[in-house]
Structures are given as C-alpha cells and as structure tokens.
Amino acid sequence: MVSTGQNTTAGALRHVLGHLLTPLLMCLGMGLAYLGAFHAPQPHDLRVDIVGSGPATQVLAQTLQDKAVGALDVRTVPDRATAATALARQDSYGAYIPGDHPELLVASASSDTSAMAVEKVFTQVAADRDAPLKVTDLAPTAAGDPTGQGVFFLLVAVSIGAYASVAVIGAAGAALPMRLRALLAAGTSLVVSLIGTLFAGPVFHLVDHGLAGVWALSWLYAAGILLIGVGLHTYLRRWTTLGVMVLFVMLNFTSSGGIYRPELQPGFFGSLHAFWNGAGLVEGIRSHVYFDGHALGGNVLVLTLWFLAGALLVTLAGRTESRRATTSVPARGPLSSGPRKTDAGRADGADPKTEKEREEEMEETVAV
C-alpha cells in the first residue's frame, strides 16, 4: 500500500514541477530575445552622408559603399546645412565633411550606439588621409543622460510598474466588475507615469525640458499595457504574467531602439520597432525632447493604437465574463436567501479551484 505521506510527497512534487514550467519558459524567452537582439550588433543599411559635390566626393562615397558591403547606405549631400537637416530629421546618423581638417557631424540623442558606429568608420577614413577627425554633436543628450540610454531605462521602470500591476488587478480584483478594474488600471497607469516622470526629471535629470510631454507619453504607454493585461487576464488567468512579459519585456525592450536602433539589429527586431509600443515611447520621448517634435505624431499614433487595443480587449473580456456568469449561475429555490459563507469566509458558490489559481498567480507575480 502507498502511504498517505508518499501520496502527499508525490502530489507536492507534481505541483512544483508544474509551476517550474513558467520560470523555465521565461528563461528560454528572455535568452532568445535579449541575446538574439543584442549579442552581436552589426550595422546594416546605416545611412551616412558625405558632404560635397565634386568627383572626389563621389569617389569617396562609392568606395565606402563598396567596402561596407551592405553595412552602410552612403549618400552625398551638397552642403553642411543639408546634412544637418538630415540628422535633425533622423534620416541620417552621420555626415562626413572631407578636407584638410575633416569633420564628422552626429546626433547622439538619436542613438549613441549608432553615433559611435559611424564615428568608428570615419575615424578610420580620416586616419587613412593622415588627418585628425573633429566630431561635432548637433543633438547632444541631457547632462544627466550622457550615454542617451536613460530613456531606455525609464521605459524599463514604467513597463515593470505597469505589467506587475496587471496580475494584482486581474487576480486580487477578479471579483470586481470589469468597469471598476479598467478604472483601477487607468488610475495605476497615472501613478506609474508620474513616478517615471519624477525619475526622468527631478530625480535623475534624464531630460532637461519637456517633462509634461514625457509624462503624457508615459501615461499613454502604461495605460495601454495595463488595459491589455487586464483584458488578457480573463482568458489567460495564471498565464497572464508570462503573456505580458512576452509582449512587454521580451519583444518590447529588445525592439524599442533604446540600446541599439534597428540599423544595428537583426531584421526581426528592426521590423517590430516600426509599430511596437516600447519603440513608440522611446522614439516619442527622443522626438519630443531633442528633435523639436519631428515624427512625434507617428509615435503618438502607435501608443494610441495600443491603448485602443487595450480598451477593446477590456470590453470584450467584460462581455465574456458576463456570458460566463450567466451560464454558470445555478438554479436556486424560492426560499434561497443567498450564498452561505464557509468558515474561511468564502461563499459556497465560489470555485475553490479558482481561488487557488488566484493565490498561485499572486505568488508567481511577487516572485517575478
């Protein structure tokens, strides 16, 4: 005969093994995402300009294009002003002005890593001509963010505050009406965005102006994550934490452009950059703070579409829950006066399995 103790041990072992699946999937996903996106950054079609219009300029541009073998997209522009405009519009990531005293124009606020990649190329070009290279940064970052990557870490902080709140609202607040959960999501996103704005401004000085715009973009971003997460919880339950981590960490951080822009990443992550919400926040803040709002409208549109997707998902989830409640209500006799309470304070009609799932989900969320 199998003893009760053995049955208990076997059951506990199955329980632990079942719950190990989530962290193992997280390990697999994070490794594939982060190492796939960041382990070997190489430029491809990185736009750079050569300033000038004579034959020597054309020869230099063509020589660089041939040597780069797809790494660079080398073009010529007639003058310094045109090159500066291309940098300000983020159409180019470097402009080389040849001559006895060569100069390289960059805009590090667009991407410090891209600027460094361009500088490496043209430092060698100048060295081949025995001339020191002067580097002029036309769009430097704020003093509190010398590497230009502070906006990325702001994205991380706001994202964690948003997606970690999803399970709390979804699991602990599962008994609340969906409308109330949606309001909690909106209120939480407001608090998260205010915390992020404090980090960006008074605390760490990541930006030196435009804080109101940083807050508005952060709120729209956080609200989108919370609404999508709360809506997904109706369908994914205890897998919600893993789901939002895939969407808003694994695919989001790696495609945001906060560390490497798409021109330095594999094509998959570069393609996500065009429409993922993390890229909308990072590029939106850069555009608003450093580039006079150029292309800001497109980034706001991306964040708005994610917000609207969250609102739609919450609406659908609310209807789904209403249908489930209608079909699961047991028939009651005329003398029934409502659900009785157990010693634990739980209504007899409540599903013990659901209660257990909520507790386990909260434990997993705290662990993450």
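The structure is a predicted model. The protein chain contains 13 helices and five strands. It has 368 residues, and 45% of them are buried. The accessible surface of the chain amounts to about 18,500 Å². Carbon and sulfur atoms contribute 65% of that surface. Contacts across the sequence were also examined. Of the contacts in the chain with a separation of 6 or more, 75% join residues 24 or more positions apart.

One surface feature is a patch of positive charge. Four residues gather there: Arg237, Arg319, Arg323 and Arg324. Arg324 is placed in helix α12, which covers residues 296-328. The relative accessible area of Arg324 is 34%. Arg324 therefore counts as partly exposed, because this class lies between the buried limit of 20% and the exposed limit of 50%. Membership of a patch requires over 30% relative accessible area, and the 34% of Arg324 is given above.

The cut-off for a buried residue is under 20%. Beyond its neighbours within four places in sequence, Thr188 makes contact with Ser165, Ile169 and Leu226. A distance was also computed between Thr188 and Val166. These two residues are 22 residues apart along the chain. Their C-alpha atoms are separated by 9.6 Å.

Key:
Residues numbered from 1 in each chain as written. Predicted model: local features only at pLDDT ≥ 70, side-chain atom pairs only at ≥ 80, totals over all residues. Heavy atoms only, no water. Patch = residues over 30% accessible without salt bridge, like charges linked within 9 Å, V, L, I, M, F, W, Y side chains within 5 Å. Areas by Shrake-Rupley, 256 points an atom, 1.4 Å probe, with all protein chains shown as cover. Salt bridge = Lys/Arg side-chain N within 4 Å of Asp/Glu carboxyl O. Lys, Arg positive; Asp, Glu negative; His and termini not counted. Charge placed at Lys NZ, Arg CZ, Asp CG, Glu CD. Helix = DSSP H or I, 4+ residues; strand = E, 2+ residues; numbered from the N terminus. Buried < 20%, exposed > 50% of the residue type's maximum accessible area, 1.4 Å probe, protein only. Contact = heavy atoms within 4.5 Å.
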